[in-house]
Amino acid sequence: LLLLFCGVFCGAAAGEHTVAEHSSWTEWSTTNALPSNLGSYYLTQDVTLSETWAVNTTGTTNLCLNGHVIKMTAEVSVIKVFSGATLNLYDCDTTTVHKFSVGENGLWTLDNTGTKTVIGGVITGGSAAYGGGVYVNGGTFTMNGGSITGNTADYGGGGVYVGEPGSNNLNGLFTMSAGSIEENHARAGGGVMVAGGDEAFEMSGGTITKNTAELYGSGIYIKEGTFTMTGSAVITENYVPYEWGAGIDLSKDSGDIVIKNLAGTAGTRAGIYGNKKESGSDDVWNVRLSSYDRFTLDGILSDNTEIGFTDITLLGQTSKPGDIFGTASAGAGGAEHIKSDTLKDASGNPVGAIIVGTSLMWDDTETGEVPFVPVESIPDEEPTEKPTAEPTKEPAEKPTEKPTEKPTEKPTEKPTEKPT
């Protein structure tokens with residue numbers, strides 16, 4: 001009766017994990033390791049690791065943080081999920097407070113005397129070439145609660161990395177329905193990076209916020225693959241030093257963003273907004289699409305939603321086919337919630353984007369002219385001429401050594417090419 005009462009008291013909804021379920025789960029009290037066998041576990045103590053927790057057995061492992069911390073002390077990923085394996089992460093304690101301090105590099109570090117706080121279970125301290133917090137290496141990682149905070153990657157995916165450098169067919173999947181990915185850092189994809197053509201990230205809830213990147217995609221970087229956003233998901237207040245998508249950045253020829261039936265909740269807007277050059281800046285850089293990336297808007301945007309687009313740079317064209325299209329309904333909000341940050345045409349002039357019904361329209365913010373481009377006229381093929389400076393591919397192998405030190409200063413000039 002006590003367990004059932006706690007499950008109800010905690011505000012459980014259909015499909016959520018509650019303390020009541022712990023009666024059929026296995027208590028995990030080890031403080032220096034995590035389970036190696038399949039099953040359902042809940043933490044009763046904080047766990048400090050010195051090597052990556054490898055989730056590599058075919059089947060499903062369920063883990064409830066239960067308000068506790070999983071902390072990594074070595075320079076490796078905290079968790080790695082391999083092909084055939086599924087890890088479902090939960091957190092049924094949303095009251096326990098953990099304190100963090102802010103280092104000279106801006107990264108949050110677990111510290112009982114710190115002034116920053118995270119409530120509930122936390123995965124922290126990871127530092128790797130790819131995927132500081134969680135590395136999805138062909139498996140499936142489902143995040144239903146908890147926080148991935150204070151992790152870093154030298155290259156991609158400070159919080160979560162989906163894929164494998166040099167490969168695009170692992171079919172890794174990261175789904176997020178609740179929880180937060182915050183205060184992580186990487187060269188690209190401070191919060192999340194999706195790196196393979198067959199990899200996917202599906203976000204139906206939770207928040208990605210206050211992550212940083214040295215170059216682009218502070219919230220999410222899609223190198224290849226697909227990002228799908230539905231429900232009450234929020235991507236906000238991520239920061240990047242250049243105009244390369246503080247919220248989401250898509251690499252050229254990379255993949256797709258699909259937004260479908262986005263709906264904010266009372267007091268919380270769903271969508272992609274408020275991502276900037278830096279905290280307090282007026283330079284808003286939400287979603288950046290490279291030429292011929294695909295952004296599909298389907299279903300309905302509720303009244304409490306917003307999506308912003310930034311710096312859609314054209315390749316010498318007078319119109320922009322291929323960037324934004326879909327079948328958004330204008331009812332219940334719809335296309336009016338698509339915002340323009342600083343869209344640019346081939347000459348660098350600002351333009352705004354508006355989606356109405358099944359058609360794409362361009363609204364020139366200076367002249368007020370609205371060229372009309374029906375969706376069916378958008379070509380699938382690429383232009384015959386490509387940019388002279390094309391991004392190089394990621395290395396086929398992981399680096400054998402990590403950089404000895406991180407740069408002490410940000411570059412003073414915007415790079416002319418994206419790095420690998």
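Which residue takes a positive phi in the hairpin of β9 and β10? I looked it up in the model, which is predicted. G106 does, with phi near 85°. The hairpin has 5 residues between its strands.

**Entry: around β9**

I followed the pairing of β9 next. β9 covers residues 97-102. With β10, residues 108-110, β9 pairs in the antiparallel sense over 3 bridges. I checked one of the contacts: V102 has W108 in β10 as its bridge partner. Then I turned to β11, residues 116-119. β9 and β11 also run antiparallel, joined by 4 bridges. Here I noted that V97 has I119 as its bridge partner. I kept a general point in mind: strands of a sheet pair through backbone hydrogen bonds, either parallel or antiparallel.

**Entry: the open sheet**

I then traced an open sheet of 4 strands. I read its order as β13-β16-β19-β23, with parallel pairing. Which strands are at the edges? They are β13 and β23 (212-216), and each pairs on one side only. I also looked up the twist, which averages 10° from one strand to the next. For β13 and β16 (residues 152-156), I found 3 bridges and a parallel run. Across that pairing, S127 stands opposite T152 in β16.

**Entry: aromatic pairs**

How many aromatic pairs are there? The count comes to 10. I looked at two of them in detail.

I took Y130 and Y161 to start. Their ring centres are 4.9 Å apart. Their planes stand at 50°, so I logged the pair as tilted. Y130 sits in β13 (residues 127-130) and Y161 in β17 (residues 160-162).

I went on to F141 and F174. Why is this pair stacked? The planes of the rings are at 10°, and under 30 degrees counts as stacked. The centres lie 5.2 Å apart. F141 is in β15 (residues 140-149) and F174 in β18 (residues 173-182), so the pair ties together parts 33 residues apart in sequence. I found F141 buried, and F174 as well.

**Entry: the tyrosine cluster**

Y130 belongs to one aromatic cluster with Y135, Y155 and Y161. What lies over the face of Y135? I found K80 there, at 4.4 Å from the ring centre.

Terms used:
Residues are numbered from 1 along each chain as its sequence is written. This is a predicted model: local features need pLDDT of at least 70, side-chain atom pairs count only at pLDDT 80 or more; totals for chains, interfaces and linings use all residues. Side-chain values use heavy atoms; hydrogens and water are left out. Two strands pair if DSSP finds at least two bridges between them. Helices (H or I, at least four residues) and strands (E, at least two) are DSSP runs, numbered from the N terminus. Rings of Phe, Tyr and Trp (its six-membered ring) pair if their centres lie within 6.5 Å; planes under 30 degrees apart count as stacked, over 60 as edge-to-face and the rest as tilted. Buried means under 20% relative accessible area, exposed over 50%, partly exposed in between (1.4 Å probe, protein chains only). A charge sits over a ring if NZ of Lys or CZ of Arg is within 6 Å of the ring centre and within 35 degrees of the ring normal. Axes are lines fitted to C-alpha atoms, for helices over the stretch in contact, and angles run from 0 to 180 degrees between N-to-C directions.
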